[in-house]
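This briefing is intended for a reader who is meeting the structure for the first time. Please keep the sequence and the model in view while reading.

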Amino acid sequence: MKILAIETSCDETGIAILEARTVGSKLSTVTVRANLILSQAKLHAEYGGVFPALARREHAKAIVPLVVQALKNAELAHETKTPHTLTTKELRTLEKIMHKEPELLAELSKAFTMLKIPKIDAIAVTSGPGLEPALWVGINTAQALGMLWGVPVIPVNHMEGHIVAALLVEKSKVKSQKSKEYDLRSLQYPAIALLISGGHTELVLMPRDGAYKLIGQTRDDAVGEAFDKVARMLGLAYPGGPEISKLAEQARNNADLTQTDAEGAPRVSASIPRESAIRLPRPMLHSGDFDFSFAGLKTAVLYTIKKIPLNPALAGSGEHLAQSDVVANLTPEIKASIAKEFEDAATEVLLAKTLAAAKKYKVKEIILGGGVTANKKIRRVFQEAVAQLPDTRLFLPDRELSTDNGLMIGIAALLRHKPKKHIVAQGTLKLTKSANPTIAELQKKKR
Ligand code: KG4
Ligand code: ZN
């Protein structure tokens, strides 16, 4: 079964083509023929976050060339000498699907009437959660291609995509550079997923296959959002997660290299006096539930920055310092120290809550999903902690599959969802009990 998968929920246009092989009724091997990601992060950088109208425009610019490129990579793009002419009915349906995107419609019709219908069995597309204007670009494209190629379109919950990304284990490097092969692990239940991204911080209990129960979530900012906002306060680029992580690692390395002081306490860096060693709160660590809060942690960073004695060179600026002056007042050592303490604080809370939930629900497996799982410190700490639990395994996505991508959407479609005729963007779509595994259904039908 070959799937074209489309992801446009945020600021990455992700297009993947994957092929799944089944053994018995189980999916076992997935060959990835294409997995293209075009990030708009640089464009959004000046807003310090993702700007929905801009995201939509950029997805609309990128999507057709990326699908064509993915088909080429998968050797499924074959030009035809007799371009497919659309019937009036087909044209009307396409116009209806794309009535808000006439330029995209023109580009799409031009590109795909020149190509033979590719051997694709289904199209998977993220239908939510995410930014609705951005989601619509993917959904409309998927529905238009579904109509042109006569194949079903499967809506996918983005968060389920992040969960299943952790089930992929790359097989030893395959001969061809063009495709990658993965084994698809199966989960044992009950399991728990910690979903940490730019828009979500959730603990989800999975009592059995395809069933989800939200047992905890952030009451304010998502953890990725907090990484991004703290990075902005420190004058770092967007997205801030990787930047904070780099600085934090630097601070850790310095701390390892620096001698302890006279009282035996480690010093983060020789240039930061011990009295100013930065300490941030661990919000809701002892709240007794599985909820999180990261807005307070972010505000604590702000107060910490404001308390740092003013560099004499900036003293003339008076009480109301501009953001750029505030950033200029921070030495690289102080920035690194704040980044490290912030990362430590966030990690500690995420780990403690996840372990407590794992214990309470006696889970066999813990899954981590979402962009923030690219964080090396978080990965390390979870690996070390779960290794101590005799009956629990940890599943982490490969770092390159942590952030948004089309492949995870294709996998979720293969495993769970049913095709739908009319798909609607749902910005706040929740994880709910989903349909029976599609593969099993397809096989039943064949028998
Ligand atoms: O899952 P994702 O790609 O998009 C959403 O669905 O939101 O997650 C993006 C988030 C951003 O907030 C980004 O800063 C964060 O993931 N992120 C990281 C790292 N890499 C990406 N956060 C911490 N450490 C990282 N290395
Ligand atoms: Zn995501």
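The model is predicted: local features need pLDDT of at least 70 and side-chain atom pairs count only at pLDDT 80 or more, while totals for chains, interfaces and linings use all residues. Residues are numbered from 1 along each chain as its sequence is written, chains are lettered from A and ligands numbered from 1 in the order in which they are written, and side-chain values use heavy atoms, with hydrogens and water left out.

**The chain as a whole**

- The chain contains 14 helices and 12 strands; these are DSSP runs numbered from the N terminus, with helices being H or I of at least four residues and strands being E of at least two.
- Of the 447 residues, 54% are buried. Buried means under 20% relative accessible area, exposed means over 50%, and partly exposed lies in between, with a 1.4 Å probe and protein chains only.
- Among contacts with a separation of 6 or more, 73% are between residues 24 or more positions apart; contact means heavy atoms within 4.5 Å.

**The largest nonpolar core**

- The largest nonpolar core has 52 residues, and Ile 244, Phe 342 and Leu 350 have the most contacts inside it. Such a core is a set of buried Ala, Val, Leu, Ile, Met, Phe, Trp, Tyr and Cys residues joined through side-chain atoms within 4.5 Å.
- The elements that each supply at least two residues of this core include the strands β8 (191-196), β9 (201-206) and β11 (365-369), together with the helices α7 (223-233), α8 (240-257), α9 (295-307), α11 (332-360) and α12 (376-387).
- The greatest contribution to this core comes from α11, with 12 residues.
- Beyond its neighbours within four places in sequence, Phe 342 is in contact with Ala 226, Phe 227, Val 230, Ile 244, Leu 280, Leu 297 and Val 301.
- Helix α7 is mostly covered, with 8 of its 11 residues buried. Those buried residues are Val 223, Gly 224, Ala 226, Phe 227, Asp 228, Val 230, Ala 231 and Met 233.

**The second largest pocket**

- The second largest pocket holds about 490 Å³ of space. On a 1 Å grid over the protein atoms alone, a pocket is an open set of points where a 1.4 Å probe fits, with protein on both sides within 12 Å along at least five of seven lines, and lining residues have an atom within 4 Å of a point. Grid points are joined across faces, edges and corners, and the volume is the space filled by probe spheres set on the points.
- Its lining has 16 residues, and those nearest the centre are Thr 93, Ile 97, Gln 143, Lys 421 and His 422.
- By class, the lining comprises 8 nonpolar, 5 polar and 3 charged residues. Ala, Val, Leu, Ile, Met, Phe, Trp, Tyr, Cys and Pro count as nonpolar, Asp, Glu, Lys and Arg as charged, and the others, Gly among them, as polar.
- Helices α3 (88-97) and α5 (132-149) each supply at least two lining residues; α5 gives the largest share, 5 residues.

**Two residues of α5**

- Gln 143 lies in α5 and is buried, at 13% relative accessible area. Leaving aside neighbours within four places in sequence, Gln 143 is in contact with Ile 97, Val 153, Lys 421, His 422 and Ile 423.
- Leu 148 also lies in α5, and its relative accessibility of 7% makes it buried. Not counting residues up to four places away, Leu 148 touches Leu 86, Leu 94, Leu 108, Phe 112 and Ile 117.
- The C-alpha atoms of Leu 148 and His 84 are separated by 9.5 Å, although these residues are 64 residues apart along the chain.

**Backbone features**

- A cis peptide bond with omega of about 0° joins Tyr 189 and Pro 190; Pro 190 is in the loop between β7 (180-184) and β8.
- The bond from Tyr 238 to Pro 239 is cis, with omega near -5°, and Pro 239 is in the loop between α7 and α8.
- Met 284, in the loop between α8 and α9, has a positive phi near 65°.
- Lys 362, in the loop between α11 and β11, has a positive phi of about 50° and is exposed, at 69% relative accessibility.
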